[in-house]
Amino acid sequence: MTEGTGQSGRGVIWVLSGSPGAGKSSVSRSLLARFPFGLHLPIDDLRELVVSGLAHPALDHPPEAARQFALARTAAAQTARLYAQEGFAVAIDDVLWPADLTFMARHWAGLDVRPVRLFTTLEVAHERNRTRTNKTYDTSVLVPLIDGLYPQMPPEIYREAGWAVVDSSTLTLEATVDALLRLDWPA
């Protein structure tokens, strides 16, 4: 068995959730760099492929934004399945709740899926958002979203749903990846 593949020789599907600024994209890329084959599927990037009519996320969940998120998540789930079946480690990152994983997991029967809630303090999320360079827009627009999502995403609801929770508030990027790779997963 090679690193990055499960018992069947298929790849692992990592699902990383957290508020904006939690480090999902950075952790995903660094995590996948540890595997011989890795594919990163950020839901935001899939959504931004929409040329006209893109609906932006908001705390009141406008119906068109919800529809576009569901489409992007379905596309990511199906793509993850294709790549994982060919031995790729895959990381999907998005602001997800446990029920969102259930929606996506219908595409992953028999695959090794590892859901992780990346947690940070609110202050760390704001600092990371303020200093990030991976977005093409002014990230200050995410400040109200971070503030609104933070109390809605307590780590306990993820643990209860079987997710691993990793607090990366004081960890470096590499230490966060190390923590993910040390997690125990059911065989």
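Predicted model: local features only at pLDDT ≥ 70, side-chain atom pairs only at ≥ 80, totals over all residues.
At what angle do helix α3 (residues 63-85) and helix α4 (residues 98-105) pack? Residues are numbered from 1 along each chain as its sequence is written, and side-chain values use heavy atoms, with hydrogens and water left out.

**View 1. The packing of helices α3 and α4.** The two helices pack at an angle of about 55°, and their axes lie 9 Å apart. Axes are lines fitted to C-alpha atoms, for helices over the stretch in contact, and angles run from 0 to 180 degrees between N-to-C directions. Helices and strands are DSSP runs numbered from the N terminus (helices H or I, at least four residues; strands E, at least two). α3 and α4 are therefore oblique to each other; angles under 35 degrees count as roughly parallel, over 145 as roughly antiparallel, 65 to 115 as roughly perpendicular and the rest as oblique. The crossing of α3 past α4 is right-handed, that is, the near helix is turned clockwise from the far one by less than a right angle. Ala 70, Arg 73, Thr 74 and Ala 77 of α3 meet Asp 100, Phe 103 and Met 104 of α4, where contact means heavy atoms within 4.5 Å. By class, this contact has four nonpolar, one polar and two charged residues (Ala, Val, Leu, Ile, Met, Phe, Trp, Tyr, Cys and Pro count as nonpolar, Asp, Glu, Lys and Arg as charged, and the others, Gly among them, as polar).

**View 2. The open sheet of five strands.** The strand order is β2-β3-β1-β4-β5, with parallel pairing; two strands pair if DSSP finds at least two bridges between them. At the edges stand β2 and β5 (164-167), each of which pairs on one side only. From one strand to the next, the twist averages 25°. Six bridges join β1 to β4, and four join β4 to β5. Leu 16 stands opposite Val 116 in β4. In β5, Asp 167 is the bridge partner of Phe 119, and Val 165 is that of Arg 117.

**View 3. Strand β3 and its neighbours.** Strand β3 (residues 89-94) is largely enclosed by the rest of the structure, because six of its six residues are buried (buried means under 20% relative accessible area, exposed over 50%, partly exposed in between; 1.4 Å probe, protein chains only). Ala 89, Ala 91 and Asp 93 are buried on one side, and Val 90, Ile 92 and Asp 94 on the other. In a regular strand the side chains alternate between the two faces of the sheet. Strand β1 (residues 12-17) pairs with β3 in the parallel sense over five bridges, and Leu 16 has Asp 93 as its bridge partner. Strand β2 (residues 38-42) also pairs with β3 in the parallel sense, over five bridges, with Leu 39 opposite Val 90.

**View 4. Helix α1 on the sheet.** Helix α1 (residues 24-32) is mostly covered, with seven of its nine residues buried. These are Lys 24, Ser 25, Val 27, Ser 28, Ser 30, Leu 31 and Leu 32. They pack against β1, β2, β3, β4 (112-119) and α8 (173-182). Strand β4 is itself mostly covered, as seven of its eight residues are buried.
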